[in-house]
Amino acid sequence: MTTRLGTLHYVIDHIYGALMHRTRITPPFFSRGWGGPKLELLERMAKQLFPMYLEGHNCPPPPLVRPVWRTVWETKTARLREGVFQTPFDDELTAALPPESRTARVAWLVPKDVPPQKMSCVVHLAGTGDHTYDRRLRLGGPLVKQNIATMVLESPFYGRRRPFLQRGARLLCVSDLLLLGRATIEESRSLIHWLDVEEGFGKMGVCGLSMGGVHASMVGSLHPTPVATLPFLSPHSAVVAFCEGILKYGTAWEALREELAAQKIAMTLDEVRERMRSVLSLTDVTRFPVPKNPEAVIFVAATDDGYIPKHSVLELQKAWPGSEVRWVRGGHVSSFILHNDEFRKAIVDGLDRVDWKESW
């Protein structure tokens, strides 16, 4: 019976994937190609950063942002606010972002009448296609009772930050995927820094589902102080999603090959896929530094995930000794829906493994 159920979850992932990525219901990813100079800029910057990380140098501290807030609603026990701030990129990277993505937006659900030094706050990052705050607020909302605030970042290229010509989550260029990741990481690190320096929260964490889990891993790795790091249903690299998993069927491989051909670079489709693998290797989290407190890293993975193979989760755990993997029974799609309680427990347990700030 267990084996049949696991097979069913796996099949559901593939049926969903076929509907979303093998039909013409939505356009493919990267229909406008590689991204030209933007991709070259991001590759160059990443290659400059990786040697510094590998040699043990500390990541530069994040710039401090100052969100402008408005209150959405409040009750006797909690308050929901929405804030905006300019993405903390340097001028070169800001110019590479589409204008719609340069203003960051964040929702913040906070317990009332609790001193910030007695509270924790977790930044929740978006999975592929998560354009609103709602799902992540539902995940974090019940934690208010445990004095855990929830901060939900709207990803660049998503929601109100989506470029005018982009349909849904289907990024137009490969460079957009790297820009989305880089901006999300820098914005998240700046928000955690703000929670620490300006608001005085006692503990901080970062979590995310699927793509958001990859970004959460990177934030936890690069942040200069210990934070609870909770990647849910996430691979160790975007290579897994776009070159090995179901998303490979929703990628515009022919358009990518044609762009190279226009540049007098003749490649077969297999060679194009290898180039994509090389570009996306920049997102391999096993190349990032071990977080300051690896015991506060808890991966939650699904036993029958049609998008994320088990070996990908275990590679990251192996690269970060001391981290923990927890398994939930289900596929990628069903686990999004059925296992919020397990995700919340991981958040609570990860924060419990971080010391209160005054003891650092």
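Let's start with the second largest pocket, whose lining is R32, K38, P98, F157, P163, F164, L165, Q166, L172, C173, S175 and D176. A pocket here is an open set of points on a 1 Å grid over the protein atoms alone, where a 1.4 Å probe fits, with protein on both sides within 12 Å along at least five of seven lines; lining residues have an atom within 4 Å of a point. The volume is about 210 Å³, counted as the space filled by probe spheres set on the points, with points joined across faces, edges and corners. By class, the lining has 7 nonpolar, 2 polar and 3 charged residues. Nonpolar means Ala, Val, Leu, Ile, Met, Phe, Trp, Tyr, Cys and Pro; charged means Asp, Glu, Lys and Arg; the others, Gly among them, are polar.

A word on the source. This is a predicted model: local features need pLDDT of at least 70, side-chain atom pairs count only at pLDDT 80 or more, and totals for chains, interfaces and linings use all residues. Residues are numbered from 1 along each chain as its sequence is written, and side-chain values use heavy atoms, leaving out hydrogens and water.

Now the helices. They are DSSP runs of H or I, at least four residues, numbered from the N terminus. Axes are lines fitted to C-alpha atoms over the stretch in contact, and angles run from 0 to 180 degrees between N-to-C directions.

Take α5, residues 174-197, and α9. Their axes come within 11 Å and cross at roughly 15°. So α5 is roughly parallel to α9, the term for angles under 35 degrees. The crossing is right-handed: the near helix is turned clockwise from the far one by less than a right angle. V174, L177 and L178 of α5 meet M276, V279 and L280 of α9, with contact meaning heavy atoms within 4.5 Å. That contact has 6 nonpolar, no polar and no charged residues.

Next, α5 with α6, residues 211-222. Here the axes come within 9 Å and cross at roughly 50°. That makes α5 oblique to α6, meaning neither roughly parallel, nor roughly antiparallel (over 145 degrees), nor roughly perpendicular (65 to 115). This crossing is right-handed too.

Last, α8, residues 253-262, packs on α9, residues 269-280, at about 90°, axes 10 Å apart. Therefore α8 is roughly perpendicular to α9. W253, E254, L256, R257 and L260 of α8 meet L269, V272, R273, R275 and M276 of α9.

Definitions and conventions:
Helices (H or I, at least four residues) and strands (E, at least two) are DSSP runs, numbered from the N terminus.
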